[in-house]
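Subject: Structure handover and notes

Hello,

Here is the structure we talked about handing over.

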Amino acid sequence: MIEIIDLYDLSHTVAGEYLAGFRYPWEALSGIGGLIVALGEKLGSEYRQISERVWVHESAKIAPTAYIGAPAIIGAETEVRHCAFIRGNALVGNGCVVGNSTELKNVILFDGVQVPHYNYVGDSILGYKAHMGAGSITSNVKSDKTPVVIRSAQPVATGLKKVGAMLGDFVEVGCNSVLNPGTVIGRRTSIYPLSSVRGVIPSDSIYKSADKIVAKV
């Protein structure tokens, strides 16, 4: 339930071959920057390099007030809106929305991902058509700065101080929710608004609170 094969359809990202080389998604976080540079140097003529190591598809819409730091790739038909802050190490797929005042850092966004309003997404991987409601964020560092542990039935030590959230395909996160460090959410699961989520949430579930997670019917 926490492995890449359980969470993602790798055909919906240009990072598919890269991710297939790992068992767990957080293992891929440290190589995102290098991956972007390697992919960027092989992109076709439909991509333009708007600054050093920043590639944007010709069909993407980038607001003039948006900031895109290197390295980054912005896919086809993606919209980067007013005052978006992309700090670098951001691989943004096709048909995505990066909204007003949304901040991205060291992320892979599969095709169709929407982070449209006041979101922070750091050290995270968001699966195909995952959606984060307004104001929802990933928290990627523990308050005591110790390495993040994935709180599953058998806890898994990541060895990393910065791990955000791993969202499976079609996950829906409600407005103003906080996904605590090392949160893993299975495919097609929905998170109620105003939730504080940690640990592993099963696929095809509705998260109402920490002690009330029900199966979708």
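Predicted model: local features only at pLDDT ≥ 70, side-chain atom pairs only at ≥ 80, totals over all residues.

Strand S10 and its neighbours

I started with strand S10, which spans residues 103–109. Six of its seven residues are buried, so the strand is mostly covered. Strand S7 (residues 85–86) runs parallel to S10 and is joined to it by two bridges.

Tyr120 leads on to a side-chain contact. The side chains of Tyr120 and Asn140 make a polar contact at 3.4 Å. Asn140 sits in the loop between strand S14 (137–138) and strand S15 (149–150). Its relative accessibility is 9%, and because the limit for buried is under 20%, Asn140 counts as buried.

Aromatic pairs

There are five aromatic pairs in the structure. One of them is Tyr18 with Phe22, an edge-to-face pair with 5.1 Å from centre to centre and 70 degrees between the planes. Phe22 has a relative accessibility of 26%, so it is classed as partly exposed.

Another edge-to-face pair is formed by Tyr128 and Phe170. Their ring centres are 5.4 Å apart and the planes meet at 80 degrees; edge-to-face requires over 60, which is why the pair falls in that class. This pair links distant parts of the chain, as the two residues are 42 residues apart. Tyr128 is in the loop between strand S12 (120–126) and strand S13 (131–132), while Phe170 is in the loop between strand S17 (165–167) and strand S18 (172–173).

Backbone points to check

The loop that holds Tyr128, between S12 and S13, also holds Lys129. Lys129 has a positive phi, near 60 degrees, and is not a glycine. With a relative accessible area of 43%, Lys129 is partly exposed.

Glu77 is another non-glycine residue with a positive phi, of about 60 degrees. It lies in the loop between S5 and strand S6 (79–80). Glu77 has 59% relative accessibility; exposed means over 50%, so Glu77 counts as exposed.

There is also a cis peptide bond between Ala70 and Pro71, with omega at about -10 degrees. Pro71 belongs to the loop between strand S4 (67–68) and strand S5 (72–74).

Largest pocket

The largest pocket contains about 210 Å³ of space. Its lining consists of 14 residues. Those nearest the centre of the pocket are Lys142, Ser143, Asn180, Pro181 and Arg198. By class, the lining is made up of five nonpolar, five polar and four charged residues.

Regards

Notes. Residues numbered from 1 in each chain as written. Heavy atoms only, no water. 1 Å grid on protein atoms, 1.4 Å probe; cavity = no way out; pocket = protein on both sides within 12 Å on 5 of 7 lines; lining within 4 Å. Points joined across faces, edges and corners; volume = space filled by probe spheres on them. Nonpolar A, V, L, I, M, F, W, Y, C, P; charged D, E, K, R; others polar. Phe/Tyr/Trp six-rings, centres within 6.5 Å; stacked < 30°, edge-to-face > 60°. Buried < 20%, exposed > 50% of the residue type's maximum accessible area, 1.4 Å probe, protein only. Helix = DSSP H or I, 4+ residues; strand = E, 2+ residues; numbered from the N terminus. Pairing = 2+ DSSP bridges. Polar contact = N/O pair within 3.5 Å; in protein donor to acceptor, adjacent residues only side chain to side chain.
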